[in-house]
Amino acid sequence: MKQIDLKNISIEDLAGLISRTLRKNGIKAVLVGGACVTIYSHNEYMSGDLDYVVSNPVKEIKPFLEKIDFLQEGPNRFVNTECEFYLEFLPYPVSLGESSPIENFNEMQNQNGTITLLSPTDCVKDRLAVYYH
Amino acid sequence: MLEAIFGNSTIEKVLLFLYTYKEGYGKQISDNFNISLNGIQQQLQRLEEGGVVVSQKKGNTRLYVFNPRYVFLKELENLLGKAMNLVSEKELQKYYRKRTRPRKKGKPL
């Protein structure tokens with residue numbers, strides 16, 4: 001596998017890398033938050049982090065992230081000293097703070113992997129929920 | 001009041017603090033209730049691990065807010081709102097009525 005340049009990686013490529021890493025280890029991961037906006041807006045809006053909702057506890061995904069040089073910094077946060085983006089992991093289910101969890105997602109493929117992420121509509125709802133709360 | 005559900009009284013205080021003031025950091029919550037910072041940080045970490053709160057670094061402090069994506073957020077806020085209605089006036093004044101920003105200049109007393 002070719003070496004990935006984490007210093008200059010785009011959010012979309014990093015999302016592909018993280019999604020592939022987790023998926024191949026049996027972990028369901030859905031990208032939520034500002035990183036989805038970055039992807040849908042083709043970098044018109046730039047997020048500083050990638051928020052994932054994951055099916056397994058952080059302690060179970062930690063070894064897989066360490067293999068790609070992301071180290072745990074806080075309870076749910078992983079960083080790489082070279083990479084400008086940090087990663088946050090939230091427990092399932094995917095929700096916008098409403099009673100019914102979201103179950104339908106989009107999938108996007110890039111050179112690093114397949115990203116499961118919020119649909120554009122849910123992405124907007126997610127940003128509004130964060131803004132208004 | 002809710003400690004039987006949440007497991008201890010510190011976490012109840014942390015949640016009621018965030019419900020009242022909308023955000024907070026460890027030292028602020030610790031000073032507000034006069035509880036050890038370590039105890040508060042443990043509970044904030046527990047809540048963050050569970051996805052109930054999220055945090056963001058602002059300068060040298062880590063600021064905590066409720067996670068707007070938490071699936072039980074509405075229910076939790078309803079529960080905390082009800083609990084706040086049962087807090088005594090003395091406790092309200094002592095812990096939950098503190099000014100969080102400077103008084104507006106020239107505002108009549």
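1. Angles under 35 degrees count as roughly parallel, over 145 as roughly antiparallel, 65 to 115 as roughly perpendicular and the rest as oblique. Keep that scale at hand for the helix pairs below.

2. A word on the source: this is a predicted model, where local features need pLDDT of at least 70, side-chain atom pairs count only at pLDDT 80 or more, and totals for chains, interfaces and linings use all residues. Residues are numbered from 1 along each chain as its sequence is written, while chains are lettered from A and ligands numbered from 1 in the order in which they are written.

3. On confidence, the average pLDDT of chain B is 90, and 94% of the residues score at least 70 (pLDDT is the predictor's confidence in each residue, from 0 to 100). The model has an ipTM of 0.72 and a pTM of 0.82.

4. Helix 2 (residues 9–21) and helix 5 of chain B pack at about 95°, with axes 10 Å apart, and are therefore roughly perpendicular to each other. Axes here are lines fitted to C-alpha atoms, for helices over the stretch in contact, and angles run from 0 to 180 degrees between N-to-C directions. Helices (H or I, at least four residues) and strands (E, at least two) are DSSP runs, numbered from the N terminus. From helix 2 of chain B, Leu15(B), Leu16(B) and Tyr19(B) meet Glu77(B), Leu80(B), Ala83(B) and Met84(B) of helix 5 of chain B (contact: C-beta atoms, placed from the backbone, within 7 Å). By class, this contact has 6 nonpolar, no polar and 1 charged residues. Ala, Val, Leu, Ile, Met, Phe, Trp, Tyr, Cys and Pro count as nonpolar, Asp, Glu, Lys and Arg as charged, and the others, Gly among them, as polar.

5. Helix 2 of chain B also packs with helix 4 of chain B, at about 70° and with axes 9 Å apart. This pair is therefore roughly perpendicular too. Among the residues making the contact are Ile11(B) and Val14(B) of helix 2 and Ile40(B) and Leu44(B) of helix 4. The residues of this contact divide into 5 nonpolar, 3 polar and 1 charged.

6. Now the partner chain: 13 residues from chain B and 15 residues from chain A form the contact. Helix 4 (37–49) and helix 5 (73–85) of chain B each supply at least two residues of the chain B side. The largest share of that side, 3 residues, comes from helix 4 of chain B. By class, the chain B side has 5 nonpolar, 4 polar and 4 charged residues.

Definitions and conventions: Two residues are in contact if their C-beta atoms, placed from the backbone, lie within 7 Å.
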